[in-house]
Amino acid sequence: MTSPLEERLKTIDGLKRMSSTSAQGVASITLELHEGTDALLALDQARQRVDEFRNLPRDAEPPEVSRISRYEPIARLLVRGSSVEELRPWVRRFETELLAAGIDRVSITGLPEERIAIEVPSAALETLGLSLVQIGDRVGELARDVPAGIAGEADGAREIRGLEQRRSAEAFASLPVISDPRGVVRLGEIATLSREPRSGELALFERGDAVVELQLQRSESGHSLKAAKVLESWLDKTRPTLPPTIRLEVFDAQWQLIRERIELLVSNGLSGLLLVVATLYFFLPARVAFWVMIGVPTAFLATLGLMLVFGGTINMMSLFALIMALGIIVDDAIVVSEDADTHRRMGEGPAQAAAGGARRMFWPVVAASLTTVAAFIPLMLVGGVIGNILGDIPFVMIMVITASLLESFFILPAHLKQALAGEAGRHTSRLRQRLDASFEHFRDRRFRPLVERALAWRGTTVALTLGLMILAVGLLAGGRIGFVFFPTPEGQVVFANATFVAGTPRAQTETFLQDLERALFEAEAELGGGLVRTAVARLGGTIPTGGGSGARGDQLAAIMVELTPPDEREVRNERFLATWREKLGPVAGIEILTFTARQSGPPGRDLNVRLKGDDADALKAAALELAETMKSIPGVSETEDDMPFGREQLVYSLTPAGEALGLTTESLGRQLRAAFDGSLAQLVQVGRDELEVRVLLPREERSRLDVFDRITVSLPDGSFAPLATVASWSSRRGFEALRHAEGRLAVEVSAAVDTAVNNANAIQAELARDALPRLADKYGLEFSFEGRSADQRETMADMQAGLVLGLGLIYLVLVWSFSSWSWPLVVMSAIPLGLAGAIFGHWLLRIDLTILSMFGLFGLAGIVVNNSIILVSLFKELRHKGAALNEALVGAACGRLRAVLLTSLTTIGGLTPLLFEGSLQAQFLIPMATSIAFGLGFSAILVLFFVPALLSLLESFHDWTAARAAPRLA
């Protein structure tokens with residue numbers, strides 16, 4: 001059924017990828033669309049194609065086609081009591097109250113769906129001459145509410161209704177199964193009726209108590225911290241009203257993690273702001289520095305206003321972008337203020353100096369801002385999961401640059417006029433005089449000779465700089481710096497998933513779950529205690545490790561554990577999980593056992609290999625072989641595949657005798673399904689719960705295989721025959737579920753990678769070089785890397801296209817600014833200098849490059865160009881005034897020394913606290929801060945020597961070409 005449906009659905013407009021899962025009695029197909037596709041139109045197309053499909057099984061329920069809505073977790077609420085039945089009304093009440101209070105969505109786990117089971121022994125069926133299907137039809141016909149119209153309009157209308165619907169197991173007992181002149185046989189006389197959980201339902205326990213879990217979620221446009229306040233208010237109001245047997249516990253509170261990370265970023269931001277202010281006061285007069293500093297909150301308020309207008313939000317990534325912008329936001333103001341202060345010291349009036357600074361620096365500052373915007377624009381084009389996670393960073397940076405421009409040219413000049421006016425504008429304090437004298441001494445006695453020497457040995461200067469760039473590339477090529485696509489901070493939640501051989505009794509799985517819980521607390525005690533906050537055991541299901549929903553089945557078990565925050569303990573997750581596994585010891589009959597820490601960021605595990613082919617047995621064999629190969633690689637653990645073996649299947653077929661008696665495969669199948677799965681008589685709504693009413697054999701008959709020798713089946717003429725005479729049996733081993741990817745059978749083998757031992761990219765390269773091609777040849781299949789690897793491929797492709805776009809935009813801005821085709825290339829030479837500095841920074845701090853590092857490198861490309869722009873702008877101005885080449889180059893380097901140092905040090909200062917942040921929650925942000933801080937610092941130093949040397953060579957080349965062209969023109 002799945003394959004022909006996939007053929008119809010693969011023509012939907014905007015389809016990016018399609019996958020499906022087929023299991024016993026159920027199939028699901030998932031469609032992922034390209035960004036920008038009209039999801040509602042695609043939904044309508046999918047519904048139309050499914051409605052046109054006519055090859056559904058006879059008793060299949062109508063297919064459901066729905067759009068997946070994304071919700072973000074807030075917290076999990078455990079409702080603890082003595083039994084699930086005691087908890088059921090309380091859970092329903094809590095769900096209603098929380099939704100009414102403002103929680104967007106409440107998902108309930110551990111509250112089993114129930115049914116009313118009507119169990120009729122096979123002996124009673126044969127005595128009465130009835131089948132289970134017939135009894136089910138009888139129940140459905142009798143237990144109904146039937147409206148029958150309106151009568152007596154002339155005498156006052158009355159509605160006619162039959163009210164015979166039963167809503168409890170006891171109420172069904174009075175239904176007559178047989179009613180004739182000989183007497184009445186009621187259902188309660190031949191059957192056992194009970195209300196019980198449906199088979200295979202998930203059960204939750206916490207330290208031996210029954211619990212039900214409510215996962216509170218918000219919509220994508222919701223507010224986590226506001227939802228948390230709603231939850232806390234509800235808890236304060238509800239807890240005093242509960243009886244002693246009912247308790248509420250909150251765990252896995254994601255909102256607390258959000259708040260802690262926001263507070264962490266805010267504290268680092270304030271520290272960075274202090275460093276920025278200190279740098280301003282060190283280089284600029286106090287009154288000028290004050291007004292530049294006042295521009296920071298002004299520009300930030302303008303940024304927040306722009307974010308409000310363009311749909312931005314405050315979250316962890318946007319806050320990080322604001323911290324990164326701390327130093328950048330004052331760059332424009334620094335350049336304008338420094339120029340105005342210089343001209344004020346040369347004797348210009350305060351109004352003239354302030355207005356002149358804004359006028360002279362307008363186009364260089366606009367060009368510098370446009371190049372930074374040009375560097376960040378490509379990052380807004382990054383799609384997929386990474387674009388959704390990190391897209392706020394370039395958006396906020398562009399808003400910051402826009403706000404900074406507005407503040408620097410519409411607000412700052414008026415403040416500078418006031419700051420430069422009067423005696424305070426002409427006279428400075430002794431401290432200021434000493435600082436200025438020290439800076440001038442350094443500039444004239446130390447820095448100027450170095451620049452002159454760099455120009456005298458310009459070839460050597462360029463060669464040394466190129467050598468440093470080559471050294472940086474060598475660190476990458478030699479593997480001294482690794483690449484981790486998206487490192488995730490250590491979390492508080494770990495879990496164990498266990499899968500036994502299909503068909504394992506639920507009781508055996510429950511016994512193992514108790515052993516697993518015992519091993520957990522033994523591991524905690526060995527590691528010093530005080531580590532486990534909450535441990536919720538799941539019987540009949542697993543916890544998803546890479547997105548999606550966990551599997552269900554009696555052979556499955558899991559435990560989710562919330563540990564104390566990582567910054568409050570010395571035991572790392574890897575050590576805790578290893579000790580937990582060690583305490584458990586060997587387990588008989590286990591098929592898969594994994595101990596994993598929950599990861600944030602893009603869905604998927606560290607290593608995920610997809611195998612596609614046409615034969616399920618060959619795929620499974622290849623998956624098992626690949627898993628063994630992966631286990632042998634250092635640093636790889638917790639391997640598993642998503643194609644578990646299923647229960648042994650008993651396949652029936654009609655014997656010649658059965659065919660002669662008039663049975664068909666379909667009629668026999670209906671009776672067997674009724675016997676073991678139950679004949680669905682009706683669905684009954686009882687409060688918030690929908691109950692199935694099923695007629696089936698008693699559990700003691702269904703649970704033993706010798707039932708096939710004892711039961712009889714109903715024949716078309718109303719008589720009965722032993723099942724053994726009308727059906728023959730064979731057995732085979734199947735699979736729990738079959739999955740398709742892009743229309744072909746597929747299996748995914750995944751594993752965790754310890755980044756302290758190995759690197760996922762290196763492992764993939766090793767597998768692609770040897771093991772995977774060998775498996776492809778041996779089993780005739782195709783392979784690909786999926787999960788995070790697929791996200792990495794998509795992101796890198798977007799960034800490669802963005803790199804070309806960004807560099808092209810920067811070049812065009814510089815061509816417009818300098819009216820030259822060659823000078824922009826000299827200015828852009830600062831970009832590889834910055835990249836080299838960023839690489840050296842990662843090497844010095846011993847951290848891997850990440851996708852956040854790459855985002856930082858993009859932003860760095862626009863930021864480092866700014867120093868070159870203001871230097872080359874002054875060189876152009878000095879040349880225009882008639883200065884000689886070397887004189888103009890030295891004058892430009894010395895004249896812009898203070899501005900280059902100020903703009904660079906303020907940006908570095910804003911990021912410095914984050915660079916040295918010890919909290920584990922901030923570690924994944926440090927690579928981006930490293931890229932910008934080290935790249936900017938390295939390029940700021942070298943650009944003052946390298947760019948003048950390169951300009952000197954360029955101008956000499958122009959003079960040489962002009963000299964050669966002159967005789968030909970004459």
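Predicted model: local features only at pLDDT ≥ 70, side-chain atom pairs only at ≥ 80, totals over all residues.
## Helices α10 and α16

Helix α10 spans residues 286–310. Helix α16 spans residues 412–419. The two pack with their axes 9 Å apart, at an angle of about 160 degrees. Angles over 145 degrees count as roughly antiparallel, so α10 is roughly antiparallel to α16. The crossing of α10 past α16 is right-handed.

Which residues of α10 meet α16? They are R287, V288 and W291. On the α16 side, the partners are L412, H415, L416, Q418 and A419. By type, the residues of this contact comprise five nonpolar, two polar and one charged.

## The four-stranded sheet

Four strands build it, in the order β10-β5-β22-β21. The sheet is open, and its pairing is mixed. Strands β10 (192–197) and β21 (679–686) form the edges, each pairing on one side only. On average, neighbouring strands are turned by 25 degrees against each other, direction ignored.

## Strands β5 and β22

In what sense do β5 and β22 pair? Strand β5 (residues 114–119) and strand β22 (residues 689–696) pair in the parallel sense. Five bridges join them. E119 stands opposite L696 in β22.

A helix also packs on this sheet: α5, residues 132–142. Helix α5 touches β5, β21 and β22. The direction of α5 makes about 30 degrees with that of β21.

How values were computed
Residues numbered from 1 in each chain as written. Heavy atoms only, no water. Axes fitted to C-alpha atoms, helices over the stretch in contact; angles between N-to-C directions. Parallel < 35°, antiparallel > 145°, perpendicular 65-115°, else oblique. Left-handed = near helix turned anticlockwise from the far one by under 90°. Contact = heavy atoms within 4.5 Å. Nonpolar A, V, L, I, M, F, W, Y, C, P; charged D, E, K, R; others polar. Pairing = 2+ DSSP bridges.
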